Amino acid sequence: MEKQKFEQLLRPVYEARAAIGWAAAALWMVGVAIAFNAAKGGLAACPAVAAVLCVMRLLAASKLLRYKMSLTGKQTVIMPVQRLQGALPKFGSNLWLGWGYRWEPRHTQRAYEIMKRDLDEVYPPEWWLKWSGAPQDPRRAKGLPWIHGLDMREGDVILPLESLKGHCAIVATTGAIKTRLLALVMFQLAMRGDCVIVIDPKGDKELREICRQAAALSGDPRRFLMLHPAFASESVRLDLLKNWDRVSQVASRITMVLDSQESDNFKEFCWMAVHRITNAMKYIGRRVSLNTLKTSMESRNAVEHLTIEALRKFFTEECPHLAEALERQILASNAEARGKPQKGGLETESKELAVMYKVFQEFVPETEEAARKQGMPAKPEELRGLIAILEANREWFGKMIVSITPMLTKLTTDDLRDLLSPDYGNTDDPRPIMDMGRIVEGGHIFYLGTDTLADESVGKAMAAMTLADLAAVAAERYNHGTATDDGSQPRRIHVFVDEAGDAACAPLIQQANKGRGAGFFLWMLFQTYSDLVHKLGSVPLAKKLMGNMNNLIVGATQDPDTMDQIIEKLGQTAITVISQSKGFGSKTEDVGLEFSANNSSSVSEREVEVFPRSLLPSLPDLHYIGFFNRGELVKGRIPVLVANT
């Protein structure tokens, strides 16, 4: 049977006592040899042997003392970003994530051994810390510094950028690590020339400045773009419905943003309505934007006006020979009682619409075959869809459309109308007009602050529409690539979603599912798993989103459900356990008083969590547990980057 190894690193440093003893013995031997005038060989040999044994014991004691000192933790490092910039070439196509070590079963063993002891048994005494110049007393530190000190040797934590295509979730409580880690990662990506898109529901000023500084450090401050409702004059205008090549994509994008709790019937009708109206807008040459889409479908009257414009175009450009039929129908309608619809007519207050509808239905062929026989165009699909909407019951249309018009209204109120539905013909507005396709193509660093704190419903709608537009860009890149993509460089677009509990939606899940092949790297930052469940409305959807996060970085967290998800992902390992038993007894039978005693110990293995659950809330600030490449577990820490020193 293989002998099980068991470390006892928290015991007293017996080797130091032995070293002192051997040093005293060496001195004593030298004194004795001199006093008795011993031979030179004996004079040298005996103290030399004692000195060698003293050195051996000192080395063993030094290793144990260094381990105990490492348990006191590391001081926070303030690093100038220029230092990181200079070191970037040596990292190659890898991302630097601070310092740390690979977490192995031996570290799990050490952690469980320490957890059985009081802190006074773990850390050196205060006099020793002062004498050795320790930067802090670990007993008064935030968190448990000994977690990082379980290994005396730490090195650079290097993560291949290719492994990040599996996306990365960053989980930590407020103020633990997220913003500093995001700055560390973003500076490196910006200096590599990658496109960075940050969606920040909170509108954090510090995060916005990090994006601005990252662009400046990359050598081109013009790469930085921002959009924030509270800073409309400093923002770019963003056309969220620019990137599509099929009408169905607009409808799918809009309905994807609807609340996940809406019924499928409502969503299907909304998809159909948006598709038909977008189709008609394209037919008459009207630009599709959030504002024009809202005004075209917010009421039945709006749909009627759109239908009138589309029918005018049809009769003018495609069927001018039906002008006589229109004139006859006008005369017939004048003969009817005012406001009373003709038999087979359309329920509408517009006489012009009623006339064109009647002629369209009676004279324009339904099928292509009939159209060829009559030498006329068939009824266009764009007009069929509009008329189908108008033929439906007026009240029914209002009830069904009520689930989509509020969302469009939220995105077109006040300053958002010009920001998210830009007027391309307004030359008086100096703010540039961008779309996600141009942002990605230009390798920009784009910050979107949705200001959810001030207006939650509008902020959520902005984040969802932006993610939906990014999904469309990802699909286009996946299918056709880009004009500037010659294959010589990998395509990398990094999407950071801060406070993902506020921004979680169907487009985010779609981006996580399908963005990888288009070179999209998703970074999702949140505080608790419960946030995702609450926003998405179900545990399966939250698990579906988390299931696409192949990389995980965990700072201090206290939420029980979050810890369950983390520990389940990290798995288990085996540790060695020593069990001891003692017993004694006595009896007065036979020859008198008899006494018996036994003392035994056994070594066994026990399955435990590879990283103890109880340590997750105790991680110090700027420290993390990283799970990378579907199997590499790392204990790491990061510096605080500063622009100038």
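Helix 12 and helix 16 cross in a left-handed sense, where left-handed means that the near helix is turned anticlockwise from the far one by less than a right angle, and right-handed that it is turned clockwise. The model is predicted, so local features need pLDDT of at least 70 and side-chain atom pairs count only at pLDDT 80 or more, while totals for chains, interfaces and linings use all residues. Residues are numbered from 1 along each chain as its sequence is written, and side-chain values use heavy atoms, with hydrogens and water left out.

Helices are DSSP runs (H or I, at least four residues), numbered from the N terminus. Axes are lines fitted to C-alpha atoms over the stretch in contact, and angles run from 0 to 180 degrees between N-to-C directions. On the helix 12 side, Arg300, Val303, Glu304, Leu306, Thr307, Ala310, Leu311 and Phe314 meet Leu383, Leu386, Ile387, Ile389 and Leu390 of helix 16, contact being heavy atoms within 4.5 Å. This contact has 10 nonpolar, one polar and two charged residues; Ala, Val, Leu, Ile, Met, Phe, Trp, Tyr, Cys and Pro count as nonpolar, Asp, Glu, Lys and Arg as charged, and the others, Gly among them, as polar.

Helix 3 (residues 81–91) packs on helix 7 (residues 178–191) at about 50 degrees, with the axes 11 Å apart. The two are therefore oblique to each other, as angles under 35 degrees count as roughly parallel, over 145 as roughly antiparallel, 65 to 115 as roughly perpendicular and the rest as oblique. Their crossing is right-handed. Val81, Leu84, Gln85 and Leu88 of helix 3 touch Leu184, Phe187, Gln188 and Met191 of helix 7, a set of six nonpolar, two polar and no charged residues.

Helix 23 makes a left-handed crossing with helix 25. The angle to helix 25 (residues 539–547) is about 35 degrees, and the axes lie 9 Å apart. Leu508, Ile509, Ala512 and Asn513 of helix 23 meet Leu541, Lys544 and Leu545 of helix 25.

Helix 23 also belongs to the lining of the second largest pocket, as do helix 9 (247–256), helix 20 (436–441) and helix 21 (456–480), each giving two or more residues. Helix 21 gives the most, 10 residues. By class, the lining has nine nonpolar, 12 polar and nine charged residues.
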